[in-house]
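Subject: Structure handover, with notes on what was found

Dear colleague,

I am passing on the structure that we spoke about, and my notes follow below it. Please read them with the model open beside you.

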Amino acid sequence: MGRQIDRQESRYLYRQVADLIREMRDTGTLRPGDRIPSLRKLAERLKISIPTIKQAYEELERIGLLEARPKSGYYLTSSANKSSSPRKPRMAASAVPVSRQELIEQVHNAVHTPGAVPLGISNPVGALPNDRALARWTRRVMASAREHAIGYGPFAGFEPLRRQLVLRYLDMGLNTTPEQLVITNGAQEALAISLQLLAKPGDIIAVESPCYFGILELIESLGMLAYEIPLCADTGLSLNDVANAIDKHPIKACVFSSSITNPMGARLDEDSKQDLVSLLENRGIGLIEDDVYGDLYFDSQRGKPAQCYSQKGLVITCSSFSKTAAPGHRVGWLLSPEYAGAAARLKRALSCSSALLNQWVLAEYLVSGEYDRYLRQLRQVLFTNKERMRACIAGNFGDNVRFTNPAGGAVLWLELPKKTDGSQLFHQALDAGVSLMPGTLFAPSDRYRHCVRLSYGLPWTDKVEEALLRLGKIVASEPC
Ligand SMILES: Cc1ncc(COP(=O)(O)O)c(C=O)c1O
């Protein structure tokens, strides 16, 4: 244990200790069943107090990573460690038209089945609902702004909200201005506008594989073609794969989530992100960065937006408050020094402007500092949920299941035995009172038929664990 604790860091000391133990487990320094250093020994070695170490160990025990054995000490458990990541898929041979709309519609309807434990929808805010705070800010805004709050807002968005976003980007190392930001109806509208600015029907768009099905739905409705670039669950996109793809295919634009991907929760390291941006910009290819999960990281630091590395203005960043504050407010944005003007015109033509009251409430929520405090708690809750869900899957889904250990976000991606049909499993699970997302939705090809996505964006209760146990029984009984 050569590493020391950094007292200047914003992370709590006990979190740093917990992360250290987790890192030792991930690198294999500590193995399942190993006895970990005693409280006193570690406190001496790291020069911090015994209660802080105890707090870290108790947190790890609560999420099932450590177990305390009476009169013996703390041991690394084996359950969550047993897992392995899903395999990286093979490169696609060609770009293809997308045809997923019908299936998405069917699944969407079923996923909202009343009474089913909702493991299908990714709604991180559901893990720690903040409706009371938002209701309070709504009342305050209505009381002070009155009829102004329900009028038409400016086309490109409410100026105070855009200024708050500028300040947040400054914290991430990106200098921007309110004029470079356009407020949209969620990230989905930002993505739709970006695609229309960079490409036309028939053009090829490179997407991560697996990727968020909403992107596929957009590509389909805009009459474009999708080319899948396989993701590695642990390291994200491979630059070699991207280079090969742009050498061989006339790719017009890429839609990537370089910070945290959906559904794999993969994260690209900063050097690779920078190389990716220059690779694409040198070839004149636009990068639409889908950063909706960027703020929900589990590491000590947020990944920078790829926009930070842009030299030629070919990166458009799309994001929203849907995963961090209020999906129903439909407040997102698009950031681009190069395309903001054209984007604002298209936004005006498409939907005039976004709901002013919702923007106003979010602006006040941000200014008050309450949003950031909430975000810190939300990340903690999501992290704990993730560990619990992983431990539950490792212990109950059989030995032939591989699953991710996401770097952030609110979903796990599971690769089930090859013979499993994810869509059939989806119906069986619904009959058992559990909703999930079948893997087929996450690519234009059929390569993820045997995969499913599960969300841990909900309050962790006995009901959730029981639902996972029921699902585990179904999965474990599948033929291999
Ligand atoms: C990766 C990703 N991008 C974009 C969106 C759309 O976000 P919004 O609800 O802000 O339109 C989602 C929503 O699930 C998502 O998961």
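Predicted model: local features only at pLDDT ≥ 70, side-chain atom pairs only at ≥ 80, totals over all residues.

Does Ile-229 count as buried or exposed? With a relative accessibility of 1%, Ile-229 counts as buried, where buried means under 20% relative accessible area, exposed means over 50%, and partly exposed covers what is in between, using a 1.4 Å probe and the protein chains only.

Residues are numbered from 1 along each chain as its sequence is written, and side-chain values use heavy atoms, with hydrogens and water left out.

The ligand and its surroundings

The ligand is surrounded by 13 residues, of which Ala-187, Asp-290, Ser-320, Ser-322 and Lys-323 are the closest; a residue is taken as near the ligand if one of its heavy atoms lies within 4 Å of it. By class, this shell holds 5 nonpolar, 5 polar and 3 charged residues, with Ala, Val, Leu, Ile, Met, Phe, Trp, Tyr, Cys and Pro counted as nonpolar, Asp, Glu, Lys and Arg as charged, and the others, Gly among them, as polar.

Asp-290 places a polar side-chain atom 2.6 Å from a nitrogen atom of the ligand, while a backbone N or O atom of Ala-187 lies 2.8 Å from a ligand oxygen atom. In the side chain of Ser-320, an N or O atom is 2.8 Å from an oxygen atom of the ligand. Taken alone, the ligand exposes 400 Å², and the protein buries 92% of that, the areas coming from the Shrake-Rupley method with a 1.4 Å probe, where for residues only the protein chains shown count as cover.

Helix α7, residues 186–198, gives the most to the shell around the ligand, with 4 residues; helices (H or I, at least four residues) and strands (E, at least two) are DSSP runs numbered from the N terminus. From its first C-alpha to its last, α7 reaches 19 Å over 13 residues, close to the 18 Å expected at 1.5 Å a residue, the expected span being 1.5 Å times one less than the number of residues. This helix is mostly covered, with 10 of its 13 residues buried, including Ala-187, Glu-189 and Leu-198.

Cysteines

The count of disulfides comes to 0, a disulfide being a pair of cysteine sulfur atoms within 2.5 Å. Cys-308 is partly exposed, at a relative accessible area of 22%.

Backbone details

Most residues other than glycine have a negative phi, and most peptide bonds are trans, which is the background for the following items.

- The peptide bond from Ser-209 to Pro-210 is cis, with omega near 0°, and Pro-210 sits in the loop between β6 (204–209) and α8.
- A cis peptide bond also joins Asn-262 to Pro-263, with omega near 20°; Pro-263 is in the loop between β9 (251–256) and α10 (270–282).
- Arg-330, although not a glycine, has a positive phi of about 50°, and its place is in the loop between β11 (315–320) and β12 (331–335). At 35% relative accessibility, Arg-330 counts as partly exposed.
- Cys-352, also not a glycine, takes a positive phi of about 65° in the loop between α11 (340–351) and α12 (356–367). Its relative accessible area of 28% makes Cys-352 partly exposed.

With best wishes

Notes: Polar contact = N/O pair within 3.5 Å; in protein donor to acceptor, adjacent residues only side chain to side chain.
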